[in-house]
Amino acid sequence: MAGEKVDLTGARETLLMTLYGKALESRLPNSLLQDRFADEAVRKIDYDFSRLKVDANLGLGFAIRAKTLDVCVADFVARYPDAIVLHLGCGLDTRIFRVDPLPGVDWFDVDYPEVIALRHKLYPSRDRYHPIASSVTEPDWLADVPRNRPAIVVAEGLTPYLAADEGPRLFARLVAHLAGGELMFDAYSRFGLKLMRLNPAIKATGSEVHWAIEDPRELERAIPKLRFIGEIPSYKPEPGARLGWSARLFVGLWKLIPAMRKVGRLLRYRF
């Protein structure tokens, strides 16, 4: 049977990179993520994933980042069983299945119409799941999201692809609309963006990255309702030990050298 054809370019195509990395890690006997839906999706899609040059180190890196955010989301919805989860630029990520929230939680996945259409073909539906087919930078989609309940907003692998003026505007709209909650996303310094541009997958897709965040408190100054909580630690010793030597060297430098720690970070805010 023929697989699902995909016609994604630029930043949209990079979602296949993260999907494939998570699927590769989930095939390991000691998988951290255990994402069977990602693995099944890769097997259903008619696409030459080899062109993205995703190796074991990159797959594990994606899995570590995803698992770290999964734990934060699961903790939030456990504390607020009537919460809203808002996943910006969801791509083909299957966080809703990994977290598996209780019935009182409403989950919103937001991405381009062609991405949401592909999700419908690949993944089963579930109660209180609300896919929104829109660019995250369009303001109108927020009208479909309730504004009177605790909310956790997650953006994984999104912010570098936003224009430098789009990101703060997006976050300002979110905190103005929502009653309160938390915002979590991965952010990269200018040097981090330079390293991203060297990534074979970024080169293969022709993607462009724009928005660098040097100081997390920049957003506090731009958006008065936002309060920086801190960075979310992601590289625990046990999964980190599974990285190849070159990746372990990078993580070691990342821990020791302040400038390296700014290359890529998971940031957490309250509003």
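## Charged and aromatic contacts

Me: In this model, are F185 and Y269 buried or exposed?
Reply: This is a predicted model. A residue counts as buried when its relative accessible area is under 20%. F185 has 0%, so F185 falls under that limit. F185 and Y269 are both classed as buried.

Me: How many aromatic pairs are there, and which angle separates the planes of F171 and F185?
Reply: The count of aromatic pairs is 9. F171 and F185 form one that is tilted, with 5.0 Å centre to centre. The angle between their planes is 35°.

Me: How many residues apart in sequence are F171 and F185?
Reply: F171 is part of helix α6. F185 belongs to strand β7, residues 181-188. The pair therefore ties together parts whose separation in sequence is 14 residues.

Me: What is the relative accessible area of F171?
Reply: The cut-off for buried is under 20%. F171 is buried, because its value falls under that cut-off. Its relative accessible area is 1%.

Me: Which kind of pair do F185 and Y269 form?
Reply: The ring centres of F185 and Y269 lie 5.7 Å apart. Their planes are at 0°. Planes under 30 degrees apart count as stacked, so the F185 and Y269 pair is stacked.

Me: Which strand does Y269 lie in?
Reply: F185 is in strand β7, and its pair with Y269 ties together parts 84 residues apart in sequence. Y269 lies in residues 264-270, which form strand β9.

Me: Which residues do ring pairs link into a cluster?
Reply: F171 and F185 are among the members.

Me: What are the relative accessibilities of E156 and R65?
Reply: The limit for buried is under 20%. E156 and R65 fall below that limit, so they count as buried. The value is 8% for E156, and for R65 13%.

Me: What separates the closest N and O atoms of R95 and D70?
Reply: R95 and D70 form a salt bridge. Side chains of opposite charge can pair when their charged atoms come close. For R95 and D70, the closest N and O atoms are apart by 2.5 Å.

Me: Which helix holds R95, the partner of D70?
Reply: The pair links distant parts of the chain, 25 residues apart. D70 is in helix α3. R95 is in residues 95-99, helix α4.

Me: What is the N to O distance in the salt bridge of E156 and R95?
Reply: E156 meets R95 through their side chains. R95 counts as buried, at 1% relative accessibility. The N to O distance in the E156 and R95 bridge is 2.7 Å.

Me: Which residues are linked in a network of salt bridges?
Reply: E156, R65, R95 and D70 are among its members. The network is made of K22, D35, R65, D70, D93, R95, R98, E156 and D186.

Note on methods. Residues numbered from 1 in each chain as written. Predicted model: local features only at pLDDT ≥ 70, side-chain atom pairs only at ≥ 80, totals over all residues. Heavy atoms only, no water. Buried < 20%, exposed > 50% of the residue type's maximum accessible area, 1.4 Å probe, protein only. Salt bridge = Lys/Arg side-chain N within 4 Å of Asp/Glu carboxyl O. Helix = DSSP H or I, 4+ residues; strand = E, 2+ residues; numbered from the N terminus. Phe/Tyr/Trp six-rings, centres within 6.5 Å; stacked < 30°, edge-to-face > 60°.
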